[in-house]
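Please look over the structure shown here. Some questions about its local features come after it.

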Amino acid sequence: MALFVRQSSGLVKRASLWDAAMLNVANMGAGLAVFIGISPFVIPGAVLWLSSILTFILTLPLVILYTYFIARIPRTGGDYVWITRKLHGGLGSIMGIALAFNMPPFFALSAFFSVTTVNNVLLVIGYSHGQQDLIKLANIVFSTSNAWFNYTIALIAFIIILLINIIRPSAGFKLTTALGALALTGTAAAMIVLGFSIPTFHQSIGQFLRYFNLTNQSAYTGPSFSLPATLYMIPYFASYAYIWLYAGPAVAAEIRDRRGLLYNEILGSVITVIFITLPFLLMDLAAGYSFNMTYYPTSIYNFWNIAIYLARNEALQWFIGLGLIAWEFFIMAFGVIVFARYVFAFSFDRLFPEIFSRLNKWGSPMYAHLLDLAATAVFLAFPIISPNGYEALYSYTPLAIIYLILVSVAGIKAAREEGNKGMLVSSVLSLIPLSLLGYEAFTNPYFGVIESLKPLQPYYPGLAYVLGLIGLGAVVYTASKYINMKRGIDITLVYKEIPPE
C-alpha cells in the first residue's frame, strides 16, 4: 500500500537512501569536474587533488547543516521550505523561485555539452585505432560548432527523460540511479586504467599528444606547489561541485525511511570527494605535476581523454567513454526530478497556480515537468542566439551563494530556537566558506558578473541574469499575494506552519 506524503498531494515515498544519494551525486557532477570543469583553469602551483580535499572539508559544515534540516523538516521543496518557515516567508519565496529557475540553465548547459563528451570519445577512440569514420563523425556531426544539431539532440534526450518521469515517476528515480551507477563505474574503470599506466605513462602518451597537435606546447617551468594557488582553486571546486546540496532535500518527503534522510547528503558528498580527488591525484602520479600543467590548459588533455586513450582495448575504451557520456544524462535525469519538486512546493503554497501541484493518473506532477521542459528549451537556445547570453548562463553560482547564505542564517535562527548547539555550530561555520565564495563569485570574472576587477567593469549579461531571476521571484510573489488576497487568502499565513506529511 502506498504511503502518501501529504493528504492532498498524492506523492508517495518511493526513494531509497541510494536513490537520494545519487541525486546528490548528480547535483555535484564529479565526473564532469574532472573532464573540462576544473583543470583548464588551474593556475601555477595549484595542486588540484589537494584543493579538492580542502574544499570538501570547508563545505562539510554546510553538508551537516543540510542534514540537520532534512532530518527535522523532510518536505518537498527542501531548503525553500526551511527558509520560508524558519527565516522569512516573502524573502524565502522570492529567492526560492530565483534558485529554482536558476536550475534549467545548468541543465541546459549539461544537455548542450553532452555533445562535447560524445565528440571527445569518438575522437580519442577513432585516433587510437585509426578509424577515420569515427573521426569524421566527431568532426562533422558531433562537432561543437554544429549548434542546431547539438540543440536538437540535447532537447530530444531531455524530452525522453521527462516523458519517463511523467508516465512512471518511480522509473525516474530508477533511471537516475542507473545512469549514476554507469557514470561512477565508468569513472572507476578510468581510474584503474590510469593507475595501471603509471609506470609506462610517458612512453605511452606521446602519440596522443601528436594526434591532437599538442607537441608544440611550451613546457611548464613554474612551481610544483603553492599554498596560495592551491587555496585559490577552492572556489572553483566549490562552485562546480561541493556546494550543490539541494537535490536530496528537494525530494525529502519521498524518501522511504529515516536512514535515507540522515545519510543521503554525507554519502553523496563522500562519493563526490573520492571521484574528484583520486582522478587528479592519479594524473599527478602518472604524468607528474609539470607535465600536467603544460597540457591542462588545452582542455583536450584531461583525465577522461587520457584514460580512454590509455585503455587501448576498444571495448574497454567504449565502456569508459559511455561512463563519461552518462554523467551528462545523469545530471539531466536528476534535474527533471528536482525542478518539478520545487515547482510542486511553490504551487502547494499557492505561489504558483494549483495546476502545478496536480498529479496525473500515474502520480506524476506532469504540469511542473512541462514547465521545466519549456524553461530548459528556452535556455538551450542561448548558445545559438547569442554568445553573450550563453556566457551569462554561467552566472548561476553568485545567485546560489546568496541563497545558501540564507539557508545558513535560517539554520542559526532555527538552532537558537531549538537550543541545538550542533546545528548552531554547523550553521555559523558554513557561513565562513560561503562568505569567501561570495566574495570570489562577485569579483572573479570566471563567475560571470564582472569582466574585470581593476578597473571594476561589470559583465552586464551576467548581472541581468542574476537580477532577472530575483526580479522574477519578486514579481511572482507580489502577484500571488495580491491575487490570493482578493480571494480572501493571506498567503503569508502559509509560512507560519510546516506543510503536513
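This is a predicted model: local features need pLDDT of at least 70, side-chain atom pairs count only at pLDDT 80 or more; totals for chains, interfaces and linings use all residues.

Residues are numbered from 1 along each chain as its sequence is written, and side-chain values use heavy atoms, with hydrogens and water left out.

Q: Is Gly37 buried or exposed?
A: Buried means under 20% relative accessible area, exposed over 50%, and partly exposed in between (1.4 Å probe, protein chains only). Gly37 has 4% relative accessibility, so Gly37 counts as buried.

Q: How far apart in space are Gly37 and Asn302, C-alpha to C-alpha?
A: In sequence, Gly37 and Asn302 are 265 residues apart. In space, their C-alpha to C-alpha distance is 9.8 Å.

Q: What is the distance between the end C-alpha atoms of helix α23?
A: Helices (H or I, at least four residues) are DSSP runs, numbered from the N terminus. The expected span is 1.5 Å times one less than the number of residues. Helix α23 (residues 421-443) has 23 residues and should therefore span 33 Å; this agrees with the distance between its end C-alpha atoms, 34 Å.

Q: Which residue has a backbone nitrogen reached by a side-chain oxygen of Asn420?
A: The place is the start of α23. There, the side-chain oxygen of Asn420 comes to within 3.2 Å of the backbone nitrogen of Gly422.

Q: Which residues does Thr67 contact, leaving aside neighbours within four places in sequence?
A: Thr67 lies in helix α3 and counts as buried because its relative accessibility is 16%. With contact meaning heavy atoms within 4.5 Å, the residues in contact with Thr67 are Leu262 and Glu265.

Terms used. Helices (H or I, at least four residues) and strands (E, at least two) are DSSP runs, numbered from the N terminus. A polar contact is a pair of N or O atoms within 3.5 Å; within protein, one must be able to donate a hydrogen and the other to accept it, and residues adjacent in sequence count only if both atoms are side-chain atoms.
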